[in-house]
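Me: Please pick one part of this model and go through it closely. I would like to know how its pieces are arranged and what lies against them.

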Amino acid sequence: MDQVIYVENLRHTYNDVVAVDDISFFVKRGEIFGLLGPNGAGKSTTTEILVGLKKRKAGLVKVLGFDPQDSDNEFKKRIGVQLQTPALFERLKVKEMLHLFASFYPQPLKVKETLELVGLEEKQNTLSSKLSGGQLQRLSVALALISNADIIFLDEPTTGLDPQSRRGMWDVIEDLQKQGKTIFLTTHYLDEAEKLCGRVAIVDYGKIIALGTPEELIHYHFAEQALEFNIPVEKRHLLASTVEGAKIEFNENRATVYTTEVVSTVASLLSLKDNGFKLDSLTVRGATLEDVFLKLTGRRIRE
Ligand SMILES: Nc1ncnc2c1ncn2[C@@H]1O[C@H](COP(=O)(O)OP(=O)(O)OP(=O)(O)O)[C@@H](O)[C@H]1O
Ligand SMILES: [Mg+2]
């Protein structure tokens, strides 16, 4: 197995804040690996350590055989990096910035091609300081893509993008994989991780709380299907005795009941109509990574 990223017992602190708490994982060549977690989970800290921008406090890290923190330019040429808070040159136009970044790499993509990938052709002569938030985000991804490097690090590549641009970015990321590249990405979008990533590590408070393919994580934690329906808050108490033993989660006026016995559970819920409760807007779905996160932490990823 060809491991291009190897991390063992990585730890990082800022004064008394433990940002990364003893995590271990590896990334295989050609996979899309996702670090998934809520705000403050330690995703950016980990990314910055992997790309050599931050010195770790403890642990072992190898990327393409290099130790990022004492690596030379050779290492930097072999990775493309998009940071969550990039330091951009405000006085450069979009295309000038891309030309500058292209000059750092041995076999960069063409500037025109890169602009097309992220849909910034019309903004190529605009100063980066005059871009909208979403455009700036696309520029920062473009600066990673232009490297044409073997490993592309993307720290929340789709945060702040409109739904259509987000899907466009998913296509770009999937194409990178088809070209044989390895992608390390962070996200707090569970649907994004489920769609794109071969394997994910779910992180919370600096620790990995689950690691595997999205399917493995879902099947390991849930044999159940999720039934969702509307229920007024004052009727919540009716459920506990009706679907005895089943796990129930409430979110405002919506309830989720996890069950392996879909038909009989629906039948029990229908019997509640005598209490003035009708089964409104019922959906039945398989469990998702969102359910896994909720089960492991008791919280939703974006509260
Ligand atoms: N430069 C810093 N100085 C002090 N504390 C920091 C610094 N950078 C991050 N932290 C803290 O370390 C923890 C992890 O932060 P990090 O930015 O790695 O999280 P994240 O998972 O990337 O979050 P987000 O989803 O908000 O980007 C947080 O508690 C944060 O407040
Ligand atoms: Mg971050």
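Reply: Two strands pair if DSSP finds at least two bridges between them. Strands (E, at least two residues) and helices (H or I, at least four) are DSSP runs, numbered from the N terminus. The model is predicted, with local features needing pLDDT of at least 70 and side-chain atom pairs pLDDT 80 or more, while totals for chains, interfaces and linings use all residues, and side-chain values use heavy atoms, without hydrogens and water. Residues are numbered from 1 along each chain as its sequence is written, chains are lettered from A and ligands numbered from 1 in written order.

Four strands build it, in the order E11-E12-E10-E13. The sheet is open, and its pairing is antiparallel. At its edges are strand E11, residues 247-251, and strand E13, residues 280-286. Each of these two edge strands pairs on one side only.

E11 pairs with strand E12, residues 254-259, in the antiparallel sense, and five bridges join the two. One residue pair can be located here: Lys 247 has Tyr 258 of E12 as its bridge partner.

Angles run from 0 to 180 degrees between N-to-C directions, with axes fitted to C-alpha atoms, for helices over the stretch in contact (heavy atoms within 4.5 Å).

Finally, a helix lies against the sheet. Helix H10, residues 262-270, lies across E12, E13 and strand E10, residues 225-230. H10 runs at about 20° to E10.
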